[in-house]
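Here is a walk through one chain, from its inside to its surface. Have a look at the sequence and the model before reading on.

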Amino acid sequence: MKSRLYPAVAAVICVMDLYLKRRVEKCVKPGEEKKLSGTPFYVRKVYNRGAAFNLLQDQPKTMRTLTTSAVAAVVAYDYILLHQKGRHLLKLGMMCMTGGALSNFIDRVKRGKVVDYIGIRTRWEKLSRITYNVGDFAIFTGAVMTVLSEVIQNKN
């Protein structure tokens, strides 16, 4: 993949997640759940003022500072990484994480909270209550890709 295409991955993830958040804001009422037929997934609207699992939700200034610092660090690292040769899996993983992080950052700046909208029905009640968004899945996927990249690189 050409280096200039990597930022497009981050942009697509960010724009898609922001679009879905806007649709959920318009179309899903608080407390409502809509099952995606044939899947264990539900669409519901949940607000998260903190980090993962509502961590630091009662400290908005701290949350804003940490989020801004993290996004700035990731974007700076991306800039350096994208000017290196090779490391394609690492670059792709970082772009997935960047797209998800930017989407959640924009949501936090714009709304003061992040809109989560994907629930997964499982036999474990605690897991069934957790709600995610596409940005969260992109961050997780990117983290896995980044770790795999390092494992593969260290084997060579």
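Which residues does Leu90 touch, leaving out those up to four places away in sequence? They are Tyr77, Leu81, Thr146, Ser149 and Glu150, where a contact means heavy atoms within 4.5 Å.

## Ground rules

The model is predicted, and local features need pLDDT of at least 70, side-chain atom pairs count only at pLDDT 80 or more, while totals for chains, interfaces and linings use all residues. Residues are numbered from 1 along each chain as its sequence is written, and side-chain values use heavy atoms, with hydrogens and water left out.

## Overall layout

The chain has five helices and four strands (DSSP runs numbered from the N terminus: H or I of at least four residues for helices, E of at least two for strands). Along the sequence they follow the pattern α-β-β-α-α-β-α-β-α. The radius of gyration is 17 Å, close to the 15 Å from the globule rule for 156 residues, so the chain is as compact as a globular protein of that length. That radius is taken over C-alpha atoms, and the rule is 2.2 Å times the number of residues to the power 0.38.

Take contacts between residues at least 6 apart in sequence: 62% of them join residues at least 24 apart.

## Inside

Of the 156 residues, 33% count as buried (under 20% relative accessible area; exposed is over 50%, partly exposed in between, with a 1.4 Å probe and protein chains only). The largest nonpolar core has eight residues: Tyr6, Ala10, Leu81, Leu82, Leu90, Met94, Met95 and Met97. A core here is a set of buried Ala, Val, Leu, Ile, Met, Phe, Trp, Tyr and Cys residues joined through side-chain atoms within 4.5 Å. Helices H1 (6-27), H2 (60-82) and H3 (88-111) each supply at least two of its residues, and H3 gives the largest share, four.

There's also a second, separate core of seven residues, including Val115, Tyr117, Ile118 and Val134.

## Outside

Phe140 sits in helix H5 (residues 134-155) and is exposed, with a relative accessible area of 58%. Gly31, in the loop between H1 and strand E1 (33-35), is exposed as well, at 77% relative accessibility. Gly31 and Ala143 are 112 residues apart in sequence and 31 Å apart in space, C-alpha to C-alpha.
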